Amino acid sequence: MNKAGGIGIGGGGGGVGSGPTAAAAAAAAQKQKALMQRVETDIANIVDNFTQLVNVARINDTSVRNSQEAFMMEMRAARMVQAADSLLKLVSELKQTAIFSGFASLNDHVDQRISVFNQLAEKTDSMLARVGEEAAASLKELETHYYSSAQRTSQTLEP
């Protein structure tokens, strides 16, 4: 019977693709395989113990054998309870995994969006700086033309 607390997720993907998504997929597949193995083991234990419990529960006449059978029934019932408890813990662990993996994927999505917006902010800042430099150069060129134009010099001479 499998009464292990948590199943750790190993690190790395071991050559299946590259990047964090491949490693996460490999870890998720490994965890799913381990959880399925736990389910199969616990269910097999429940079925086996129930079968043995039914076999031991047959009525016989000898009193010594009845005490042995009573002990066997208690033992099998206790093992069934332990296997059922293990299944309940597994269900709880699956719920927690679903909740936390949902938060993890949400956090990953938020981090991706933050990086996209940071890149857009950098592009916008560089574009604004370029536009400002071009405007300053154009303004300087216009001022040069204005101050050196013949029309301006003739207007200042008339009054």
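This passage describes a predicted protein model, from its overall fold to selected contacts.

Residues are numbered from 1 along each chain as its sequence is written. In this predicted model, local features need pLDDT of at least 70 and side-chain atom pairs count only at pLDDT 80 or more, while totals for chains, interfaces and linings use all residues; side-chain values use heavy atoms, with hydrogens and water left out.

The protein has three helices and zero strands. Helices (H or I, at least four residues) and strands (E, at least two) are DSSP runs, numbered from the N terminus. From that end, the order of elements is α-α-α. Helix 1 covers residues 19-56, and helix 2 covers residues 63-148. Helix 3 covers residues 150-157.

The average pLDDT is 77, and 74% of the residues score at least 70. Helix 2 has the highest confidence, at 85, and helix 3 the lowest, at a mean of 66. Over residues 1-17, pLDDT stays under 50. The model has 30 contacts beyond four places in sequence for residues 1-17. Where pLDDT is low, the predicted coordinates should not be read in detail.

Buried residues make up 10% of the 159 residues. Buried means under 20% relative accessible area, exposed means over 50%, and partly exposed lies in between (1.4 Å probe, protein chains only). The accessible surface comes to about 12,200 Å². Carbon and sulfur atoms account for 61% of this surface. Accessible areas come from the Shrake-Rupley method with a 1.4 Å probe; for residues, only the protein chains shown count as cover. A contact means heavy atoms within 4.5 Å. Among contacts between residues at least 6 apart in sequence, 73% join residues at least 24 apart.

The structure holds three salt bridges. A salt bridge is a side-chain nitrogen of Lys or Arg within 4 Å of a carboxyl oxygen of Asp or Glu. One joins Glu93 and Arg38, with the closest N and O atoms 2.9 Å apart. This pair links distant parts of the chain: Glu93 lies in helix 2 and Arg38 in helix 1, 55 residues apart. Both Glu93 and Arg38 are buried.

Another salt bridge joins Lys89 and Asp85, with the closest N and O atoms 3.6 Å apart. Lys89 and Asp85 are separated by about one helical turn because they are four residues apart in helix 2. Lys89 is partly exposed, at 48% relative accessible area. Asp85 is also partly exposed, at 30%. Arg130 and Glu134 form a salt bridge too, with the closest N and O atoms 3.6 Å apart. Arg130 and Glu134 are four residues apart in helix 2, so about one helical turn separates them. Arg130 is partly exposed at 44% relative accessibility, and Glu134 is partly exposed at 44%.

Asn49 lies in helix 1. Its relative accessibility is 4%, so Asn49 counts as buried. Not counting residues up to four places away in sequence, Asn49 touches Arg76, Arg79 and Met80. The side chains of Asn49 and Arg76 make a polar contact at 3.0 Å. Asn49 and Ala83 are 34 residues apart in sequence, and their C-alpha atoms are 9.4 Å apart in space.

How values were computed. Polar contact = N/O pair within 3.5 Å; in protein donor to acceptor, adjacent residues only side chain to side chain. pLDDT = per-residue confidence, 0-100.
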